[in-house]
Amino acid sequence: MKVAIIGAGGLLGSELAKVFTDIKPYLLDRGNLDITDKAQVDKIIDHIKPDLIINAAGYTAVDDAEDNKDIAMAVNGHAVGYIAKAAKKHGATVVHYSTDYIFEGDKKEGYREDDKPAKEPPSIYGASKLMGERELQKNTDNFYLIRTSWVFGPGGKDFIDTVLRLSERGEMRIKNDEHGKPTYAKDLAQATRALVFERMPYGTYHIVNEGPTNWHEYAQTIVEFAGKIKNWPEEKYPKIEPVSAEEFAAKAPRPSYSILLNTKFVKLRPWQEALEDYLGYDIDKDIHTA
């Protein structure tokens, strides 16, 4: 099987590269592929002739997308259509990742795979990812659309890095009224491989680590685990003040409840277990506090 991983240098892409290393995947990133250039996408895919294309590339700066709508739409929206068309030409399967931010955020119980996205997602980022979903569905039938949320891992900056950096100040303010499920990139990559190799039916899947939380509770758990692993003295533990999204006043609005319900695939382990594994594995390298 020939596999091409797009966005291979990113947080998720780097984990996918490890998971598929035994079949020597083609690793594509901004340095050798501009996915917003249709001609370039066609040329690269024509050359590789892959059986499977995994698109882990994306414009993920949620707040910045409010000021860079054209770029977000090009990367998260139109480019997905280019990839899907090129894949269909060669009979390749496409794996593409989307987000919980496509939903309105008013269902406290969470969203199933067949729930309808918002007519107008709250943010430009969410709107761009919804465009990508539609471009995928319009241009090929052979796809796995994986929605995930709050992804963390060693391949890039994430919420964990932010919390541990802010903990050096001794206090921080974190939102407590936005709910979702943190997801470990390593677990997501392994689940992606299983989804493909078990030949699950094409369609939409919600793959997340289990257990809903909010950003404030998540931050408290990060600090608790990191402190135990690094043997912090009691005075080093920061004060984490809960605030509302309205008080926090981020540029891009987020859904209040964007809990993804996995009803179609094997459930991943609880996010707390994944977080503890992640911090325990990487903490000695001081990755997060550098």
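**Strand 3**

Select residues 52-55, strand 3 of this predicted model. Both of its faces are covered. L52 and I54 are buried on one side, I53 and N55 on the other. In a regular strand, side chains alternate between the two faces of the sheet.

Pick A4: its bridge partner in strand 3 is I53.

Next, show residues 93-99, strand 4. Bring in helix 3, residues 69-89. Strand 3, helix 3 and strand 4 form a right-handed β-α-β unit.

**The cores**

Which residues have the most contacts inside the largest nonpolar core? Select I35, I160, Y218 and L275. The core they belong to has 54 residues. Helix 3 is its biggest contributor, giving 8 residues. A second core is separate and has 24 residues, including I54, Y97, A189 and Y205. I54 takes you back to strand 3, where it is buried.

Center on Y218. Setting aside neighbours within four places in sequence, Y218 contacts W150, F152, F159, I160, P182, T213, W271 and L275. Among these, I160 and L275 are also on the list of residues with the most contacts in the 54-residue core.

**Salt bridges**

The model has 17 salt bridges. Start with R193 and D22, whose side chains meet at 2.7 Å, N to O. R193 sits in helix 6 (residues 185-197), while D22 is in the loop between helix 1 and strand 2. The two are 171 residues apart, so this pair links distant parts of the chain. R193 is partly exposed at 22% relative accessibility, and D22 is partly exposed at 48%.

Move to E168 and K236, a salt bridge at 3.2 Å, N to O. E168 is in the loop between helix 5 and strand 7, and K236 in the loop between helix 7 and strand 12, so the pair ties together parts 68 residues apart in sequence. E168 counts as exposed at 51%; K236 is partly exposed at 26%.

Now select helix 7, residues 215-230. K228 and E224 both lie in this helix, 4 residues apart, about one turn. Their closest N and O atoms are 3.3 Å apart, forming a salt bridge. K228 is exposed at 54%, whereas E224 is partly exposed at 35%.

Finish with K107, E109 and D115. Salt bridges link these three residues in a network.

Notes
Residues are numbered from 1 along each chain as its sequence is written. This is a predicted model: local features need pLDDT of at least 70, side-chain atom pairs count only at pLDDT 80 or more; totals for chains, interfaces and linings use all residues. Side-chain values use heavy atoms; hydrogens and water are left out. A nonpolar core is a set of buried Ala, Val, Leu, Ile, Met, Phe, Trp, Tyr and Cys residues joined through side-chain atoms within 4.5 Å. Buried means under 20% relative accessible area, exposed over 50%, partly exposed in between (1.4 Å probe, protein chains only). Contact means heavy atoms within 4.5 Å. Two strands pair if DSSP finds at least two bridges between them. A crossover is right-handed if, with the strands pointing away from the viewer, the path from the first strand over the helix to the second runs clockwise. A salt bridge is a side-chain nitrogen of Lys or Arg within 4 Å of a carboxyl oxygen of Asp or Glu.
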